[in-house]
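The sequence and structure come first.

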Amino acid sequence: MNKRYVPMGIKNYIGILCLACCIAISAAGLAACNEGKSGSSSSAAPATTTAATTSSATTTITSATTTTEKPEPTTTTTSSPSATTTTTEEPTLTTTTTVTTTTSKKPTSTTTTSSVTTTTSSATTTTTTAAEKKDPVYSEPIDPYANQLKYFPEKYHGAINAIVDGVNSFNTEIYLPPNTIRTDEVTHLYEMMRLFTPYANAAPSAFRYSYDSEGYAKVISFDSYTITKSEYERQEKVTKEKIAEIVAYANKTYPYSQFEKALYFQRVLSDSCRYADGAENDQSAYGCLIDGEAVCSGYSKAFYLLCCQAGIDATMVVGDTAEGPHMWVMAKLDGKWGYIDPTWNDHDLSPKGFSYTSYNYFGLTERDFAKDHTSCLPLGMTVPNAGSVEACYHARTGCYITSAKEVSKIFRHAVYTAAEKGEDIVTVRFSDAKLYKEQKQLLEDSSYSMIYSMLRGAKSEVNSAVVPTSFTLISLANDPDLCVFTFRIKYN
């Protein structure tokens, strides 16, 4: 049988070819294996990212309904709503003690404490700081008389000048320009006289006037003045000196912002004056700044004069609240007009042993301020437009909440900022009543767990003196209108 032989050269060639094929196949298999490993690794990364995104996206907000009555009218002199306080401790979350204090000038407040655990993101702030404003903001003092006068029609300037000059000269008879003040405007003119003599108060509450056949007032008469002319001049002098001292400190300490200066003025009034209806000089800046006792007109005149000395455009405004006649101020701070009630910003919770400046009525818009203040603009007085929320204290300090997703961030900012400064009052404001009620109910339903979590964070990250197990919730009677949430931090 014939055998077929393959030459050795061909055998070697076939062997080499087979070996090359095996190597190629092995390499392909290894590459496929490595590719499979690489593919599983890259698909895992998106899964991790997705999981991280899911776990960090946390939003908690529910709805609620609360009703708080406005303070009952108790006096015809200006004042603010009364206050109630309640305190609870973290472990039980069930203890609630209520103490109510009613005065003629304070809103009602409540305090509460509870415990919770939540995580929050970092906060943002719109506060104007020295770092943002490199150049100091200094303005020449403004003549308070001329500045107030500019808000009245020119046709009344002669009559206003006549009565103010007459009072400053202690005249018992003041002659008015003819055909200027109608008989139904005489009372308004008399009130303007009080407005235009802010340093000291000398004019009596009673006056007489005569009028011509056309119905225009001719002469206003007083029997006597309440203080002597020398005392009047002394009070004016020492008040001006005190104002210059306060403003000099404000210019040195807060050189970059009119807003910060005005906040300081409010703190000075809150710290040095108490609401005292019937005090000897209660309706003058002297009573507020020197005696430390005043009603709304004294607070407002002092605040207005401080603004003018600091070169801040401002005006005093008279009007009404549910409690009776009242006075407040409008001021233009860093280009934005806002309403300021220096009397109602001063809260004295004496049963609980502390007082504080709330800023609830600091830089408000016309819409928000008109919820419990009604302006009365006599003799054709006009006031600037206050339509921007940017003037509001809470907006300027990063404590103004416009949506549910901002709640934890802004609460955290408010708590940490207070703890960093060692301040005990924390306050945030909501942009509308619906949002306020929803978030307030959420806090109540959770036993204020978010606040307790933030207090713990503030203790570990900002100020070790913070007590994380207890706080005091301060609820004012007009909070639902103001949409403000306030509480007091405790420190060791």
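Val317 is part of strand 8 in this predicted model. Val317 counts as buried, because its relative accessibility is 0% and the cut-off for buried is under 20%. Leaving aside residues up to four places away in sequence, Val317 touches His326, Met327, Trp328, Met330, Ser375, Leu377 and Val383. Gln148 is 169 residues from Val317 along the chain, and the two C-alpha atoms are separated by 9.7 Å.

Thr321 lies in strand 8 as well, which spans residues 314-321. Thr321 is buried, with a relative accessible area of 11%. The residues that Thr321 touches, not counting those up to four places away in sequence, are His326, Trp344, Asp372 and His373. His326 is a contact of Val317 and of Thr321.

Strand 9 (residues 324-333) holds Ala331. What is the burial class of Ala331? Ala331 is buried, at 2% relative accessibility. Its C-alpha is 7.0 Å from that of Ile312, at a sequence separation of 19 residues. Ile312 is also among the residues that Ala331 touches, along with Cys307, Asp313, Ala314, Lys336, Trp337, Gly338 and Ile340, when residues up to four places away in sequence are not counted.

The table sets out the accessibility of residues named in this report.

| Residue | Relative accessibility | Class |
|---|---|---|
| Val317 | 0% | buried |
| Ala331 | 2% | buried |
| Tyr448 | 7% | buried |
| Thr321 | 11% | buried |
| Ser447 | 21% | partly exposed |

**Chain totals**

The chain has 492 residues, and buried residues make up 50% of them. Its secondary structure comes to 14 helices and 18 strands. Of the contacts between residues at least 6 apart in sequence, 70% join residues at least 24 apart.

**Nonpolar cores**

The largest nonpolar core has 87 residues, and the members touching the most others are Ile181, Leu189, Phe265, Phe303 and Phe362. Helix 8 (residues 296-309) gives the largest share of this core, with nine residues. Apart from this core lies another, of 30 residues, which includes Val426, Leu435, Met454 and Val466.

Phe265 touches Ile246, Val247, Ala250, Phe303, Leu306, Cys307, Ala310 and Ile312, with residues up to four places away in sequence not counted. Cys307 and Ile312 are also contacts of Ala331.

Leu189 belongs to the buried residues of helix 4, together with Val186, Tyr190, Met192, Met193, Arg194 and Leu195. Helix 4 (residues 186-195) is largely enclosed by the rest of the structure, because seven of its 10 residues are buried.

Strand 18 (residues 484-491) pairs with strand 16 (residues 425-430) over five bridges, in the antiparallel sense. Within this pairing, Arg429 stands opposite Val484. Strand 17 (residues 466-476) is likewise joined to strand 18 by five bridges, and the two run antiparallel. Here Thr472 stands opposite Arg488.

The largest cavity has a volume of about 40 Å³. Its lining consists of Arg367, Asp368, Lys371, Tyr400, Arg429, Phe430, Ser431, Asp432, Asp481, Leu482 and Cys483. Helix 9 (366-369), strand 16 and helix 14 (479-482) are the elements that give two or more residues to this lining. By class, the lining has six charged, four nonpolar and one polar residues.

Ser447 lies in the loop between helix 12 (433-445) and helix 13 (449-461). Its phi is near 55°, a positive value in a residue other than glycine. Ser447 counts as partly exposed, at 21% relative accessibility.

Tyr448 is found in the loop between helix 12 and helix 13 too. Phi of Tyr448 is near 60°, again a positive value in a residue other than glycine. Is Tyr448 buried or exposed? Tyr448 is buried, with a relative accessible area of 7%.

Methods: Residues are numbered from 1 along each chain as its sequence is written. This is a predicted model: local features need pLDDT of at least 70, side-chain atom pairs count only at pLDDT 80 or more; totals for chains, interfaces and linings use all residues. Side-chain values use heavy atoms; hydrogens and water are left out. A nonpolar core is a set of buried Ala, Val, Leu, Ile, Met, Phe, Trp, Tyr and Cys residues joined through side-chain atoms within 4.5 Å. Buried means under 20% relative accessible area, exposed over 50%, partly exposed in between (1.4 Å probe, protein chains only). Helices (H or I, at least four residues) and strands (E, at least two) are DSSP runs, numbered from the N terminus. Contact means heavy atoms within 4.5 Å. Two strands pair if DSSP finds at least two bridges between them. On a 1 Å grid over the protein atoms alone, a cavity is a set of points where a 1.4 Å probe fits but cannot get out, and a pocket is an open set with protein on both sides within 12 Å along at least five of seven lines; lining residues have an atom within 4 Å of a point. Grid points are joined across faces, edges and corners, and a volume is the space filled by probe spheres set on the points. Ala, Val, Leu, Ile, Met, Phe, Trp, Tyr, Cys and Pro count as nonpolar, Asp, Glu, Lys and Arg as charged, and the others, Gly among them, as polar.
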